Amino acid sequence: MADGGGWRPPRPCETYSAEWKLCRSARHFLHHYYVHGERPACEQWRRDLANCREWEERRSAEAQSLCESERARVQAARKHTLVWALRQSPPADWHLPLPQEEKDQ
């Protein structure tokens, strides 16, 4: 795989470009700052875009760090647990009227 024969970037370069532009936008900055209390880190998207373009132009082996970046991104997304416990089946009394509906009638 290091010879450049079978390897290709995990995503098209346009995707990395779009993600980098989105990350730098004012709307994303405000949203990320409001939710997380810190500035968004866009440097990784820029690095991934540069590596993808380098791969397309020169097929360099260093650009394969893109795979490690994608793996790290997937692992970071998986570390967040669900807030709500998912139900296996609905409650037994799901069809009954709600308590406030009984008071109104």
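Are tyrosine 16 and tryptophan 45 buried or exposed? Tyrosine 16 is buried, and tryptophan 45 is buried as well (buried means under 20% relative accessible area, exposed over 50%, and partly exposed in between, with a 1.4 Å probe and protein chains only). The structure is a predicted model, in which local features need pLDDT of at least 70 and side-chain atom pairs count only at pLDDT 80 or more, while totals for chains, interfaces and linings use all residues. Residues are numbered from 1 along each chain as its sequence is written, and side-chain values use heavy atoms, with hydrogens and water left out.

Both residues belong to the largest nonpolar core, whose eight members are Cys13, Tyr16, Cys23, Cys42, Trp45, Leu49, Cys52 and Leu66. Such a core is a set of buried Ala, Val, Leu, Ile, Met, Phe, Trp, Tyr and Cys residues joined through side-chain atoms within 4.5 Å. Two or more residues of this core come from each of α1 (13-24) and α3 (43-58); helices here are DSSP runs of H or I with at least four residues, numbered from the N terminus. Cysteine 23, one of the core residues, is in contact (heavy atoms within 4.5 Å) with His28, Pro40, Ala41, Cys42 and Trp45, leaving aside neighbours within four places in sequence.

Now to the aromatic rings. The whole structure holds two aromatic pairs, a pair being rings of Phe, Tyr and Trp (its six-membered ring) with centres within 6.5 Å; planes under 30 degrees apart count as stacked, over 60 as edge-to-face and the rest as tilted. The pair of tyrosine 16 and tryptophan 45 is tilted, because the ring centres are 6.4 Å apart and the planes stand at 45°. Since tyrosine 16 lies in helix α1 and tryptophan 45 in helix α3, this pair ties together parts that are 29 residues apart in sequence. Phenylalanine 29 and tyrosine 33 form a stacked pair, with 6.1 Å from centre to centre and 15° between the planes.

These last two residues both lie in helix α2, four residues apart, about one turn of the helix. Helix α2 (residues 26-36) is hardly covered, with one buried residue among its 11. Phenylalanine 29 counts as partly exposed at 31% relative accessibility, and tyrosine 33 is likewise partly exposed, at 46%. Leaving aside neighbours within four places in sequence, tyrosine 33 is in contact with Glu38 and Arg39. Just after α2, glycine 37 adopts a positive phi of about 75°.
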